[in-house]
Amino acid sequence: MKVRVRFFASIREALGAGEGIDVDAGATVGAVRDALIARGGAHAAVLARGRALRCALDQVLCEETATVADGSELAFFPPVTGG
Amino acid sequence: MAGPRVTVQTADFDLAAEAAALRAGDGGVGAVAAFIGTVRDRNDGHGIDSMELEHYPGMTERAIEAMIDEAQRRFAIRGARVIHRVGLLQRQDQIMMVAVTSAHRGEAFQACEFLMDYLKTQAPFWKKERTPQGAQWVDARVSDDAALAKWGIEKRNT
(Lines give C-alpha, C1' and ligand atoms only; values in the text may rest on other atoms or scores of the structure.)
Protein backbone atom coordinates (compact mmCIF):
# COMPACT_ATOMS: atom_id res chain seq x y z
CA MET A 1 0.00 0.00 0.00
CA LYS A 2 1.01 3.57 -0.50
CA VAL A 3 1.55 6.38 2.00
CA ARG A 4 2.51 9.99 1.45
CA VAL A 5 5.54 10.98 3.48
CA ARG A 6 6.16 14.65 4.25
CA PHE A 7 9.11 16.42 5.83
CA PHE A 8 9.37 19.85 7.42
CA ALA A 9 11.98 22.36 8.57
CA SER A 10 15.55 20.99 8.83
CA ILE A 11 14.44 17.56 7.63
CA ARG A 12 12.75 19.06 4.57
CA GLU A 13 15.96 20.95 3.78
CA ALA A 14 17.91 17.68 3.84
CA LEU A 15 15.41 15.33 2.16
CA GLY A 16 12.96 17.46 0.20
CA ALA A 17 9.27 18.09 0.86
CA GLY A 18 8.33 14.42 0.68
CA GLU A 19 7.27 11.60 -1.60
CA GLY A 20 4.87 8.72 -2.03
CA ILE A 21 6.31 5.39 -0.85
CA ASP A 22 5.13 1.77 -0.78
CA VAL A 23 4.91 0.12 2.62
CA ASP A 24 3.70 -3.23 3.93
CA ALA A 25 0.10 -3.49 5.12
CA GLY A 26 -0.02 -2.98 8.87
CA ALA A 27 3.25 -1.09 8.95
CA THR A 28 3.85 1.18 11.92
CA VAL A 29 5.19 4.72 11.76
CA GLY A 30 8.42 3.41 13.28
CA ALA A 31 8.72 0.78 10.54
CA VAL A 32 8.37 3.46 7.87
CA ARG A 33 11.08 5.48 9.63
CA ASP A 34 13.32 2.42 9.68
CA ALA A 35 12.72 1.82 5.96
CA LEU A 36 13.74 5.40 5.20
CA ILE A 37 16.84 5.11 7.43
CA ALA A 38 17.78 1.93 5.56
CA ARG A 39 18.26 4.00 2.41
CA GLY A 40 21.41 5.41 3.98
CA GLY A 41 22.89 8.79 3.10
CA ALA A 42 20.98 11.89 4.14
CA HIS A 43 17.94 9.82 5.13
CA ALA A 44 19.98 7.77 7.58
CA ALA A 45 21.60 10.92 8.97
CA VAL A 46 18.58 13.09 9.68
CA LEU A 47 16.11 10.33 10.65
CA ALA A 48 18.65 8.44 12.78
CA ARG A 49 17.50 6.84 16.02
CA GLY A 50 18.46 9.00 18.96
CA ARG A 51 17.77 12.23 17.13
CA ALA A 52 14.83 14.25 18.41
CA LEU A 53 12.12 13.68 15.83
CA ARG A 54 8.36 14.04 15.95
CA CYS A 55 5.81 12.45 13.71
CA ALA A 56 2.22 13.08 12.70
CA LEU A 57 -0.22 10.67 11.07
CA ASP A 58 -2.93 12.30 8.98
CA GLN A 59 -2.02 15.65 10.53
CA VAL A 60 -2.29 14.57 14.17
CA LEU A 61 0.80 14.08 16.37
CA CYS A 62 1.40 10.38 16.92
CA GLU A 63 3.75 7.83 18.45
CA GLU A 64 5.89 5.53 16.33
CA THR A 65 3.70 2.60 17.34
CA ALA A 66 0.79 4.05 15.34
CA THR A 67 -0.24 2.01 12.31
CA VAL A 68 -0.38 3.63 8.90
CA ALA A 69 -3.18 2.94 6.43
CA ASP A 70 -3.32 3.02 2.65
CA GLY A 71 -3.35 6.67 1.61
CA SER A 72 -2.12 7.93 4.98
CA GLU A 73 -0.20 11.16 5.21
CA LEU A 74 2.82 10.63 7.44
CA ALA A 75 5.01 13.55 8.46
CA PHE A 76 8.40 13.66 10.16
CA PHE A 77 9.77 16.87 11.63
CA PRO A 78 12.04 18.23 14.35
CA PRO A 79 10.72 19.47 17.71
CA VAL A 80 8.47 22.45 17.16
CA THR A 81 9.51 26.02 17.96
CA GLY A 82 6.56 28.33 17.34
CA GLY A 83 5.01 30.93 19.59
CA MET B 1 -18.44 35.74 18.50
CA ALA B 2 -18.27 35.01 14.82
CA GLY B 3 -15.25 34.59 12.63
CA PRO B 4 -12.36 32.15 12.74
CA ARG B 5 -10.66 31.19 15.98
CA VAL B 6 -7.33 30.33 14.36
CA THR B 7 -5.50 32.07 11.54
CA VAL B 8 -2.02 31.44 10.15
CA GLN B 9 -0.93 34.33 7.95
CA THR B 10 2.06 36.26 6.63
CA ALA B 11 0.45 39.64 7.36
CA ASP B 12 0.79 41.54 10.63
CA PHE B 13 -2.18 41.75 13.04
CA ASP B 14 -3.80 44.34 15.31
CA LEU B 15 -4.43 43.00 18.81
CA ALA B 16 -6.82 45.82 19.75
CA ALA B 17 -9.00 45.15 16.71
CA GLU B 18 -8.93 41.40 17.36
CA ALA B 19 -9.85 41.84 21.03
CA ALA B 20 -12.70 44.17 20.09
CA ALA B 21 -14.04 41.65 17.58
CA LEU B 22 -13.70 38.80 20.06
CA ARG B 23 -15.90 40.45 22.69
CA ALA B 24 -18.26 42.27 20.31
CA GLY B 25 -21.89 41.56 21.17
CA ASP B 26 -21.05 39.40 24.20
CA GLY B 27 -22.26 41.27 27.28
CA GLY B 28 -21.04 38.49 29.54
CA VAL B 29 -17.40 39.31 28.91
CA GLY B 30 -15.72 41.01 31.85
CA ALA B 31 -12.11 40.20 31.02
CA VAL B 32 -9.83 39.96 28.00
CA ALA B 33 -6.35 38.51 28.52
CA ALA B 34 -3.86 38.54 25.68
CA PHE B 35 -0.29 37.61 24.84
CA ILE B 36 1.88 38.77 21.94
CA GLY B 37 5.13 37.04 21.00
CA THR B 38 7.71 39.21 19.20
CA VAL B 39 11.08 38.75 17.48
CA ARG B 40 13.95 39.49 19.90
CA ASP B 41 17.22 40.97 18.67
CA ARG B 42 19.22 38.31 20.53
CA ASN B 43 18.85 34.61 21.36
CA ASP B 44 21.20 32.42 23.40
CA GLY B 45 23.95 35.02 23.20
CA HIS B 46 23.94 35.76 19.47
CA GLY B 47 22.37 38.55 17.46
CA ILE B 48 19.37 38.00 15.21
CA ASP B 49 18.81 39.92 11.97
CA SER B 50 15.54 38.30 10.95
CA MET B 51 13.61 35.07 11.25
CA GLU B 52 11.89 32.68 8.85
CA LEU B 53 8.84 30.80 10.14
CA GLU B 54 7.62 27.57 8.59
CA HIS B 55 4.45 25.63 9.42
CA TYR B 56 2.53 22.52 8.41
CA PRO B 57 -0.51 23.91 6.57
CA GLY B 58 -3.69 22.25 7.70
CA MET B 59 -2.22 20.42 10.66
CA THR B 60 -1.21 23.65 12.39
CA GLU B 61 -4.71 25.11 12.29
CA ARG B 62 -6.23 21.81 13.33
CA ALA B 63 -3.84 21.41 16.26
CA ILE B 64 -4.56 24.89 17.61
CA GLU B 65 -8.32 24.38 17.19
CA ALA B 66 -8.01 21.27 19.37
CA MET B 67 -6.03 23.26 21.96
CA ILE B 68 -8.78 25.87 22.15
CA ASP B 69 -11.36 23.10 22.58
CA GLU B 70 -9.28 21.78 25.48
CA ALA B 71 -8.98 25.27 27.00
CA GLN B 72 -12.76 25.59 26.85
CA ARG B 73 -13.16 22.29 28.69
CA ARG B 74 -10.77 23.39 31.43
CA PHE B 75 -11.65 27.05 31.91
CA ALA B 76 -14.84 29.07 31.83
CA ILE B 77 -13.82 31.12 28.84
CA ARG B 78 -16.21 32.73 26.39
CA GLY B 79 -14.01 33.10 23.34
CA ALA B 80 -10.46 32.68 22.08
CA ARG B 81 -8.49 33.92 19.11
CA VAL B 82 -5.06 32.79 17.93
CA ILE B 83 -3.15 34.40 15.07
CA HIS B 84 0.32 33.16 14.14
CA ARG B 85 2.46 34.63 11.41
CA VAL B 86 4.70 32.66 9.03
CA GLY B 87 7.29 33.69 6.46
CA LEU B 88 10.03 36.27 6.90
CA LEU B 89 9.85 38.40 10.06
CA GLN B 90 12.18 41.19 11.13
CA ARG B 91 13.51 42.09 14.58
CA GLN B 92 10.77 43.44 16.84
CA ASP B 93 8.02 42.22 14.51
CA GLN B 94 4.98 40.62 16.08
CA ILE B 95 5.06 36.83 15.66
CA MET B 96 1.81 35.68 17.17
CA MET B 97 -1.05 36.53 19.52
CA VAL B 98 -3.48 34.77 21.80
CA ALA B 99 -6.53 36.55 23.18
CA VAL B 100 -9.08 35.01 25.53
CA THR B 101 -12.35 36.38 26.93
CA SER B 102 -14.12 35.35 30.12
CA ALA B 103 -16.44 36.74 32.77
CA HIS B 104 -13.63 37.28 35.29
CA ARG B 105 -9.88 37.77 34.92
CA GLY B 106 -8.65 34.56 36.55
CA GLU B 107 -9.99 32.23 33.89
CA ALA B 108 -8.80 34.48 31.05
CA PHE B 109 -5.25 34.72 32.45
CA GLN B 110 -5.08 30.98 33.01
CA ALA B 111 -6.50 30.00 29.64
CA CYS B 112 -4.15 32.41 27.86
CA GLU B 113 -1.11 30.89 29.56
CA PHE B 114 -2.42 27.36 28.99
CA LEU B 115 -2.86 28.02 25.26
CA MET B 116 0.64 29.47 25.01
CA ASP B 117 2.24 26.58 26.88
CA TYR B 118 0.37 24.12 24.67
CA LEU B 119 1.13 25.90 21.41
CA LYS B 120 4.86 26.24 22.15
CA THR B 121 5.41 22.49 22.20
CA GLN B 122 2.53 20.96 20.21
CA ALA B 123 1.76 23.21 17.22
CA PRO B 124 3.85 22.51 14.11
CA PHE B 125 5.80 25.74 13.58
CA TRP B 126 9.57 26.01 13.13
CA LYS B 127 11.76 29.10 13.45
CA LYS B 128 14.95 29.64 11.51
CA GLU B 129 17.05 32.57 12.67
CA ARG B 130 19.22 34.60 10.36
CA THR B 131 22.25 35.76 12.33
CA PRO B 132 25.47 37.57 11.36
CA GLN B 133 27.11 34.10 11.48
CA GLY B 134 24.55 32.50 9.16
CA ALA B 135 21.10 30.93 9.35
CA GLN B 136 20.20 28.27 11.90
CA TRP B 137 17.11 26.42 13.08
CA VAL B 138 16.04 27.32 16.61
CA ASP B 139 16.37 24.55 19.20
CA ALA B 140 13.30 23.56 21.21
CA ARG B 141 13.56 24.22 24.94
CA VAL B 142 13.15 21.60 27.63
CA SER B 143 11.68 24.34 29.83
CA ASP B 144 8.73 24.56 27.42
CA ASP B 145 7.96 20.87 28.01
CA ALA B 146 8.02 21.58 31.75
CA ALA B 147 5.62 24.49 31.25
CA LEU B 148 3.07 22.20 29.59
CA ALA B 149 3.62 19.46 32.19
CA LYS B 150 2.51 21.80 34.98
CA TRP B 151 -1.01 21.60 33.45
CA GLY B 152 -0.89 17.83 33.81
CA ILE B 153 -0.11 17.22 30.14
CA GLU B 154 2.90 15.00 29.46
CA LYS B 155 3.63 15.45 25.77
CA ARG B 156 7.33 15.86 25.20
CA ASN B 157 8.63 17.95 22.32
CA THR B 158 12.35 17.78 23.02
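Trainee: In β9(B), which residue is the bridge partner of B:His55?

Mentor: In this predicted model, B:His55 has B:Phe125 of β9(B) as its bridge partner.

Trainee: To which other strand is β5 of chain B joined, and by how many bridges?

Mentor: Strand β5 (residues 50-55) is also joined to strand β7 (residues 87-90) of chain B, through 4 bridges, and these two strands run antiparallel. Within β7(B), B:Leu88 stands opposite B:Glu52.

Trainee: Which residues does B:Leu115 touch?

Mentor: Leaving aside residues up to four places away in sequence, B:Leu115 touches B:Met67, B:Ile68, B:Ala71, B:Ala80, B:Val82 and B:Val98.

Trainee: How is the contact between the two chains to be read?

Mentor: The size of an interface is often given as the accessible area lost when the parts come together. Residues in contact may also be counted: 23 residues of chain B are in contact with 15 residues of chain A. On the chain B side, the elements giving two or more residues are α2 (59-74), α3 (105-122) and β9 (125-131). Of these, α3(B) gives the most, with 5 residues.

Trainee: What classes of residue make up that side of chain B?

Mentor: The side of chain B that touches chain A has 12 nonpolar, 7 polar and 4 charged residues.

Conventions
Residues numbered from 1 in each chain as written. Chains lettered and ligands numbered in written order. Predicted model: local features only at pLDDT ≥ 70, side-chain atom pairs only at ≥ 80, totals over all residues. Contact = placed C-beta atoms within 7 Å. Nonpolar A, V, L, I, M, F, W, Y, C, P; charged D, E, K, R; others polar. Pairing = 2+ DSSP bridges.
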